[in-house]
Amino acid sequence: MSGKERETEPAYQRLSRELRQQISAGTYRDGIQLPTESELAQHHGVSRQTVRRAFHDLVAEGIVYRVPGRGTFVTENSGRYLRHLGSIEDLMNLSRDTTMEVVTPLQRRVDIEAASRLRLDTDVVYTVVFRRIHEGVPFVQTTAHLPEAIARQIIDLPAMAAGAVSANTVIGLLEPLIDSPIVEAAQSITVSPATADVARDVGCEIGHAMLRVDRLYSNAQGVANELSVSYFLPEQYTYRVTLRRGAH
C-alpha cells in the first residue's frame with residue numbers, strides 16, 4: 001500500500017490492518033486476549049466505535065473471536081494467511097493484501113492435460129508460474145494455464161514478465177479485457193507432496209504435504225478462461241468457506 005493510500009485509508013481499516021499484522025507476527029498468539037476497546041482507543045488515538053469496527057472486520061475474517069463479558073481473543077492458527085472465500089470477487093481481492101511474484105513468465109507451451117481441462121480444440125496453452133507473498137512470506141505457488149486468445153491480451157503486460165512483483169491476480173488482469181466476465185470457479189481440493197519447484201518457491205522440503213487447489217474459471221457462456229493449480233503451504237495458510245442453506 002502506498003503512502004498516499006495509507007493517508008486516505010479509514011481509521012478502522014488501518015487499525016484492523018495493524019492488528020492483523022501484529023497477530024501474524026506473533027505479538028498476540030492463539031487464545032491470547034487482545035487489549036480492550038478502551039485500551040486500543042487510547043493507544044491509537046481513535047474512538048471506541050473505530051475499534052469496534054476494526055474488531056468486526058477481524059471477526060468476519062475469522063482471525064479473532066469475541067466472548068461477551070470477557071473480551072476479544074485470537075483464533076487458533078491466526079498467524080497463517082487467511083482469506084474468507086465466498087465469491088469470485090473474493091478471489092480477485094487477493095491483490096488487496098498479498099503480492100504476486102512471477103517465477104516463470106507467461107509463455108506458449110504444449111500441455112495436453114491443461115488443454116483438455118480448458119476444453120480446447122488444440123493442445124497449445126499459455127502458462128505462467130507465480131507465487132503469492134503475504135507480509136514477506138511466500139505461502140502458495142500457482143501455475144495458471146490460459147487459452148491462446150485470452151493469454152495474448154495480457155502477455156505483454158509488465159506484471160507477466162519474469163521476476164515481476166505486483167499487486168495483481170491473473171483474473172483481475174483479465175477481467176477488464178475480456179468480453180464476457182468470469183462468473184464461476186469450479187474448484188477441487190486435495191493434498192499433494194511438494195515437487196522440487198514448489199518447495200523452492202515456498203521455502204519447504206521436497207515432499208512436504210501441500211494443500212492443492214485446482215480452479216477452472218468460466219465466463220457467463222460457460223467458456224473456460226483459466227485453469228489454475230495452486231500448492232498452498234499449510235503452515236502459512238488457512239482456507240475457510242461459509243456454506244449457507246439454499247432458499248426453498
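Which residue in E10 is the bridge partner of Leu 216? In E10, Leu 216 has Leu 227 as its bridge partner.

## Basis of the report

The structure is a predicted model, in which local features need pLDDT of at least 70 and side-chain atom pairs count only at pLDDT 80 or more, whereas totals for chains, interfaces and linings use all residues. Residues are numbered from 1 along each chain as its sequence is written, and side-chain values use heavy atoms, with hydrogens and water left out.

## Overall composition

The protein chain contains 9 helices and 11 strands; these are DSSP runs numbered from the N terminus, with helices (H or I) of at least four residues and strands (E) of at least two. Of its 248 residues, 43% are buried, where buried means under 20% relative accessible area, exposed means over 50%, and partly exposed lies in between, for a 1.4 Å probe and protein chains only. Among contacts in the chain with a separation of 6 or more, 60% are between residues 24 or more positions apart; a contact means heavy atoms within 4.5 Å.

Strands of a sheet pair through backbone hydrogen bonds, either parallel or antiparallel. Here, 7 strands form an open sheet in the order E7-E4-E5-E6-E10-E9-E8, and the pairing is antiparallel. Strand E7 (165-166) and strand E8 (182-193) stand at the edges; each has a single partner strand, so one side of each is left without a neighbour in the sheet. Two strands are taken to pair if DSSP finds at least two bridges between them.

E10 is mostly covered, with 9 of its 9 residues buried. E10 is joined to E9 by 8 bridges, and the two strands run antiparallel. E10 also pairs with E6 in the antiparallel sense, over 6 bridges.

| Residue | Opposite residue |
|---|---|
| Val 64 | Val 74 in E2 |
| Val 140 | Phe 232 in E10 |
| Thr 143 | Val 229 in E10 |

## Turns and positive phi values

The hairpin of E9 and E10 has 4 residues between the strands, and Gly 222 there takes a positive phi near 80°. In the hairpin of E1 and E2, 3 residues lie between the strands, and Gly 69 in the turn has a positive phi of about 85°.

Positive phi values also occur in residues other than glycine. Arg 119, which is not a glycine, has a positive phi of about 60°; Arg 119 lies in the loop between H6 and E5. Glu 135 has a positive phi near 55° and is found in the loop between E5 and E6. With a relative accessible area of 46%, Glu 135 is partly exposed.

## Two buried strand residues

Asn 219 belongs to strand E9 (residues 209-219) and counts as buried at 10% relative accessibility. The side chain of Asn 219 reaches the backbone nitrogen of Gln 221 at 2.9 Å. Apart from its neighbours within four places in sequence, Asn 219 is in contact with Ser 180, Pro 181, Ile 182, Val 183 and Asn 225.

His 134 is located in strand E5 (residues 124-134) and is buried, with a relative accessible area of 10%. His 134 and Thr 99 are separated by 35 residues in sequence, and their C-alpha atoms are 6.8 Å apart in space.

## The second largest pocket

Rolling a probe the size of a water molecule over the atoms shows where empty space is left. On a 1 Å grid over the protein atoms alone, with a 1.4 Å probe, a pocket is an open set of points with protein on both sides within 12 Å along at least five of seven lines, and lining residues have an atom within 4 Å of a point.

The second largest pocket holds about 370 Å³ of space, a volume being the space filled by probe spheres set on the points. Its lining comprises 20 residues, of which Arg 109, Gln 141, Thr 143, His 145 and Tyr 231 lie nearest the centre. The elements that give two or more residues to this lining are strand E4 (99-110), helix H6 (112-117), strand E6 (137-146), helix H9 (196-202) and strand E10 (224-232). H9 gives the most, with 4 residues.

By class, the lining of this pocket has 7 nonpolar, 5 polar and 8 charged residues. In this scheme, Ala, Val, Leu, Ile, Met, Phe, Trp, Tyr, Cys and Pro count as nonpolar, Asp, Glu, Lys and Arg as charged, and the others, Gly among them, as polar.

Methods: A polar contact is a pair of N or O atoms within 3.5 Å; within protein, one must be able to donate a hydrogen and the other to accept it, and residues adjacent in sequence count only if both atoms are side-chain atoms.
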